[in-house]
Amino acid sequence: MSLPLLTAIAFSLVLALFAQRSLVGRWRNSHALADAFVTSLMAGLVLLSTLLEISVDPWIAFVAFALIKLALLFTFLVFGSPDRIRWSASRAGLLFFVVYAFMLPASLQHPMNGDEPYYLLLTDSMVRDLDVDLANQYAGAERPFADAPSTAQEGDPVGTAGERYSRHEPFLSLLLIPGYLAGGRFGASLILVLFGALLVRSTMRMMEEEGVPQRTALLLLPLFAVGPPIVFYATRIWTEVPAAFFFVEAVRAIRHRRSGRMLIALAALCLLQLRFVLVAIVLIVRVSLSRQFPLWVRTGVLAAPLAAVLLIWGITGTPLHIHEWWELLPRSPERYATGAFGLLLDGAAGLAFQAPIYLLGVLGIARWKRLPEGARLGLSASVIYLLLLVIRDEWHGGWSPPLRYIVFLMPFLLLSAAFVLERSRAWIFTGLAAIWTAVLTVRGIAVPWTLFRIADGENLAGIHLSTLYGTDFSRLFPSFIRPNSAALVGAAIAIVAFVLYAVLRLESETLQRVRAPVAAAFAASVFTAFLVLGKMPGPVVHFEDAHLWRNNGAVEPPPYTVARFRFRGGWSMGSGDEVSFLYRGGESRLHYRSEEGAVISIDGLSMSLAPTGKAWGEVTVTLPAGERRIDTRVTSGRVVIDRMEAVW
Amino acid sequence: MKDSTIEAIVWLVATGIAATATLLAARAAGMEGVPVEALPPAVVVIMLCGWLVRDTRWVVPVLVQVPMIVAIVGTISNDSVRMLGCGVGLAFAVGAALFSRASSGGLDRFTGSILLAATLMMFRLIGVPQGRWMESVLIVAGCVVLLAAIAHGRNLTAGHWLVVFATGVAVPLYPSRLAVVPLLFSAIVWLGRSSRIPTPLATVVVLAIVAGRWAWPLALAGAAIHLAVRRPRSAEAPATFLPGLWASSIQSVLRTAAFVIAGAGAVKTAPAAGVIAIALIAGGMLLRPALAILYAIAAAVLLVARVESDDRRHAGPAAVMASLMIAMFAWSGALIATFPLPVSSLAVGVIVIGAAATMFRSAVWPTYVLALGALVAALFLPAPGALELEPANAVLRPGESVNLTPASTGNEATLTISGGNLLGMRAGHPVADVDVISVRGRAYRRSLSAGEVNDWAGLRQEHWFVSEHGVPSRPVGPLSDYGASSYLIGAGSIEIATPEMIGLIRVTMRNDLGEGAALHVDGFRVGTR
């Protein structure tokens with residue numbers, strides 16, 4: 001039997017066991033029948049797929065199957081009256097511990113990516129050498145574990161005696177030790193799974209404490225726990241999920257005046273990564289100024305960030321680790337706008353396309369005073385962090401699954417989303433967001449390497465459609481990584497929606513009653529408009545984009561270039577290399593770079609490109625007007641073409 | 001203007017916009033032909049379902065299907081997957097509307113008729129073969145009349161709706177006279193309820209004459225059943241029988257066995273209805289497949305018509321069964337003849353689970369395990385349609401043979417074969433011999449019969465009613481065309497295992513099959529088990 005099938009069977013049985021414990025009486029039997037029906041339906045689809053000549057990847061099938069089963073269980077939980085269900089936050093934690101644990105086989109069959117191997121290497125160093133110097137780990141001929149890196153990350157601190165320290169704070173690696181000793185990478189990942197489960201439990205508890213009705217909490221919980229970004233970090237060795245857990249615990253402890261728990265949570269948050277001090281500091285100031293805590297707590301809480309800074313200082317000899325003081329200084333306004341709207345709307349790295357349910361949470365900020373106190377505390381604590389994040393070049397997270405830098409904020413956006421959902425009853429949006437979330441989750445778990453993308457302004461949906469139709473669909477997704485017109489439109493819509501939500505009250509009953517059909521027709525029209533527009537040629541053609549048909553060449557800079565997003569790029573072509581794309585013709589500008597010059601043929605028109613050295617240059621190209629495919633071929637020389645854009 | 005009027009106008013405008021958007025999306029996505037025709041009406045039906053459940057919590061899940069369909073059309077390139085996705089959306093919407101209305105007692109005759117007509121039109125009018133419009137419209141209209149006849153003077157249940165819908169799905173389009181079948185059923189129902197015998201009896205007689213000889217015993221049996229069974233105890237038993245009846249008409253031993261197990265469970269709860277249904281289906285199985293299906297459905301219609309129960313608990317299973325059929329609306333023509341095998345297997349699975357639920361004190365664990373077993377079995381069943389075969393492309397006439405030399409070695413041979421002009425061959429009649437000759441020269445013979453090897457076009461609507469054999473025991477497919485013109489190609493897959501390595505395969509057609517008969521050996525493959 002294949003691994004996906006075995007996993008599917010085991011998952012089904014465990015979920016069935018869980019359903020038995022969580023549902024009562026006839027409701028439980030109804031679930032059993034519905035579950036059996038869903039399973040049978042899958043069996044039918046398997047058989048039918050052969051007659052329809054459809055083939056599906058086994059892992060995709062398994063993840064989809066698991067999600068459907070989980071959705072079914074939550075449907076019963078949501079619609080079950082209190083006497084029909086047994087539910088608690090701890091039960092939620094246990095359930096999602098199981099869910100995440102079942103995701104591990106899918107995750108572990110692929111190599112580690114991003115920062116993961118470095119955290120594990122640090123753990124290995126702590127276990128074997130009882131130090132945090134990785135020099136011998138990098139130099140050793142024998143790898144301590146599969147996928148162990150052999151070189152340091154660029155910019156890692158170097159000690160006075162040549163020690164190689166990791167750029168990552170050691171606290172997470174320390175936490176991984178028991179798991180690593182017990183089961184290597186699997187054991188270490190299991191520690192993260194445990195944190196994922198604890199985060200779910202804490203978030204559920206927080207929603208209960210903040211007065212979110214159980215039905216709403218149960219509706220949103222699966223979108224949180226098995227939706228991006230939490231699900232992608234719950235089985236990976238990154239600090240994001242533990243940080244979210246400690247952040248939630250810190251806020252809950254402050255709300256309920258539990259001093260000890262608060263101190264531990266704040267200290268752990270600061271120790272995980274220095275950047276989280278920016279979040280903790282707001283809470284710390286608040287506690288210090290509050291008379292609701294005893295004096296020893298109000299002063300002791302200051303030790304949390306201090307301990308983190310001192311630890312790093314002691315190890316690397318610099319209090320800010322790899323950071324510098326100037327990073328705290330204000331930058332130009334457009335950087336704030338780009339980063340902030342990017343985190344909100346960017347097709348590849350923003351909430352709107354990577355975790356849309358949290359848009360409701362952002363909308364909740366418009367009614368700040370009515371938000372639950374916990375949400376206000378969590379969101380306000382993040383302001384300094386966010387202000388300093390959005391002006392960074394890598395606000396989008398760099399080489400990591402999407403939304404990396406704001407994972408810790410998700411529980412509070414969820415709380416805010418619950419508030420909005422309770423009042424606005426935006427069910428059509430929630431339904432579509434749930435379906436989109438499911439698609440993202442299936443893809444992210446079954447095809448995990450797609451979570452790591454170069455920040456080139458395209459997202460996977462745009463790439464899929466561009467490849468399917470051979471036209472530029474990516475331009476219709478807002479991109480703040482490579483700013484485009486859709487980004488401007490998206491930002492304007494976001495502002496209008498925010499303002500409308502803040503001031504508008506739909507009191508008319510008739511309006512309430514026709515919202516659903518209007519929303520359905522509107523959504524269908526938007527999708528159609530998207531499709532029709534996407535099939536038309538755009539005014540700008542980026543030569544590295546997915547919609548071009550290519551014959552040879554390579555993306556420039558190469559995909560694994562460190563901090564690639566800082567460089568301007570394009571498609572590198574040598575003699576004989578060709579690309580073809582749909583274009584509207586007319587007068588256009590070609591942006592390129594060629595050290596020694598090149599001769600190219602565009603749509604049969606031969607032209608010489610003057611040498612530009614290392615700089616970028618541009619040349620005007622006049623093509624006959626009219627929509628058609630344009631073939632471009634390099635006749636001689638080598639050139640990197642960034643883009644061709646119409647002159648208005 | 002009244003609020004209700006404004007609301008109605010908004011719904012109408014939204015429906016128009018959604019349907020237009022779907023049409024434009026389909027065209028932009030490069031879709032052509034029947035699938036494009038099918039999508040806007042599908043969206044209209046979904047909006048109609050949304051309207052029917054507008055005051056319930058189902059309205060959002062139903063209406064979400066509209067943008068979902070547009071998204072599916074735009075993002076998926078495979079037409080089969082697109083249409084299956086749209087079918088699932090439509091099925092969900094209709095199933096939800098049916099369940100919501102029936103479980104709350106709101107499935108009145110008007111609502112049921114509207115929902116029935118709209119859904120059946122998707123099946124009978126999309127992609128209808130040229131010149132068959134009138135017949136299709138007559139079938140839909142007949143079903144609406146049948147529903148009215150069944151629901152006359154009492155509450156309509158989801159079971160009633162399901163049985164009438166199944167009638168509308170299963171009536172063959174050829175020959176034309178079969179279009180009166182729903183009206184014939186209506187007349188029989190009328191006869192059973194009316195105190196004034198002559199008028200309805202005359203109507204039954206006239207319609208039975210129009211429908212053909214096959215309908216005469218049915219008319220008599222219908223009248224007899226009405227006299228014999230005055231008070232069936234459950235509305236659901238006959239309704240839940242439907243998929244089993246249908247499945248067994250496919251003449252598979254496994255499915256029939258499952259049906260008998262399920263029947264045992266149903267008999268326990270509704271003895272009279274169960275016994276009669278089993279007796280009818282047993283009789284129907286002696287007839288050719290198309291008639292067996294019609295008799296099975298007739299049995300269900302007649303039984304349902306006599307039920308006085310207003311039990312709403314089984315609205316769910318009935319809605320699910322309806323949804324299973326509706327999900328395949330894009331292949332409605334093929335559905336008439338085949339009720340696609342995987343779905344019928346699933347239906348039987350559900351019945352077995354239902355039966356298990358009556359046999360075990362706590363049905364929970366058997367239910368989970370049975371369903372999982374079905375999934376594993378489905379995954380491990382060989383998928384003949386997905387096999388990569390060496391092309392053979394040999395056409396044999398009676399007495400002729402062909403030698404096939406495999407490129408690879410192994411002890412198991414797989415062949416895909418279809419027949420020509422074999423419509424009159426009853427299942428089990430030998431049609432060919434396959435000699436598998438090992439590399440050491442030893443021969444192993446396997447006889448092939450109709451049922452394994454079927455007429456290539458036997459499941460096309462033009463031939464379905466007269467075909468003596470149904471779906472191949474291991475169909476290779478694929479499904480051809482869309483809408484009411486679609487059909488399952490009658491090619492079947494045959495596996496032969498030997499203890500030795502295979503060196504040669506020889507297929508010889510029997511020479512007693514009549515003039516014009518032919519066998520087409522499409523492809524073969526030799527591998528190791």
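In this predicted model, the crossing of helices α7(A) and α8(A) is right-handed. Helix α8 of chain A spans residues 214-225, and its axis lies 11 Å from that of α7(A). The angle between the two is about 150°. Angles over 145 degrees count as roughly antiparallel, so α7(A) and α8(A) fall in that class.

Helix α8 (residues 158-170) packs with helix α16 (residues 315-326), both of chain B. Their axes are 8 Å apart, at an angle of about 20°. Angles under 35 degrees count as roughly parallel, and α8(B) and α16(B) are therefore described that way. Their crossing is left-handed. On the α8(B) side, the contact is made by B:Ala158, B:Gly159, B:Leu162, B:Phe165 and B:Val169. These meet B:Ala315, B:Ala318, B:Ala319, B:Met321, B:Ala322 and B:Met325 of α16(B). Ten of the residues in this contact are nonpolar, one is polar and none is charged.

Nonpolar side chains tend to be buried together in soluble globular proteins. Here, the largest nonpolar core has 351 residues. Those touching the most other members are A:Ala250, A:Leu266, A:Leu269, A:Ala520, B:Ala18, B:Val94 and B:Leu184. Helix α7 of chain A (residues 171-209) gives the most to this core, with 18 residues. A separate, second core has 22 residues, among them A:Val541, A:Val579, A:Phe581 and A:Val634. The contacts of B:Ala18 involve both chains: leaving aside neighbours within four places in sequence, they are A:Ala520, A:Ala521, A:Ala524, B:Val43, B:Met47 and B:Val66.

Chain B has 20 helices and ten strands. Of its 529 residues, 58% count as buried. Contacts in chain B between residues at least 6 apart in sequence were also examined; 76% of them join residues at least 24 apart.

Some backbone features stand out. Most residues other than glycine have a negative phi, and most peptide bonds are trans. A:Leu130 has a positive phi, near 55°. This leucine is in the loop between α5 (116-128) and α6 (135-139) of chain A. A:Leu130 counts as exposed because it has 7 C-beta neighbours inside 10 Å. A:Leu403 also has a positive phi, near 65°. Its place is in the loop between α19 (383-390) and α20 (410-424) of chain A. A:Leu403 has 25 C-beta neighbours inside 10 Å, so it counts as buried.

Two cis peptide bonds were examined. One joins A:Glu556 and A:Pro557, with omega about -5°. A:Pro557 sits in the loop between β3 (554-556) and β4 (570-573) of chain A. Another runs from B:Tyr174 to B:Pro175, with omega near -10°. B:Pro175 lies in the loop between α8 and α9 (181-193) of chain B.

A:Glu595 is in a further loop of chain A, between β6 (586-593) and β7 (598-602). A:Glu595 has 14 other C-beta atoms within 10 Å, so it is partly exposed. Residues up to four places away in sequence aside, A:Glu595 touches A:Pro611 and A:Gly613. The C-alpha atoms of A:Glu595 and A:Lys614 are separated by 6.2 Å, although the two are 19 residues apart along the chain.

Terms used. Residues numbered from 1 in each chain as written. Chains lettered and ligands numbered in written order. Predicted model: local features only at pLDDT ≥ 70, side-chain atom pairs only at ≥ 80, totals over all residues. Core = buried A, V, L, I, M, F, W, Y, C linked by C-beta atoms within 7 Å. Buried ≥ 20, exposed ≤ 12 C-beta atoms within 10 Å, placed from the backbone. Helix = DSSP H or I, 4+ residues; strand = E, 2+ residues; numbered from the N terminus. Contact = placed C-beta atoms within 7 Å. Axes fitted to C-alpha atoms, helices over the stretch in contact; angles between N-to-C directions. Parallel < 35°, antiparallel > 145°, perpendicular 65-115°, else oblique. Left-handed = near helix turned anticlockwise from the far one by under 90°. Nonpolar A, V, L, I, M, F, W, Y, C, P; charged D, E, K, R; others polar.
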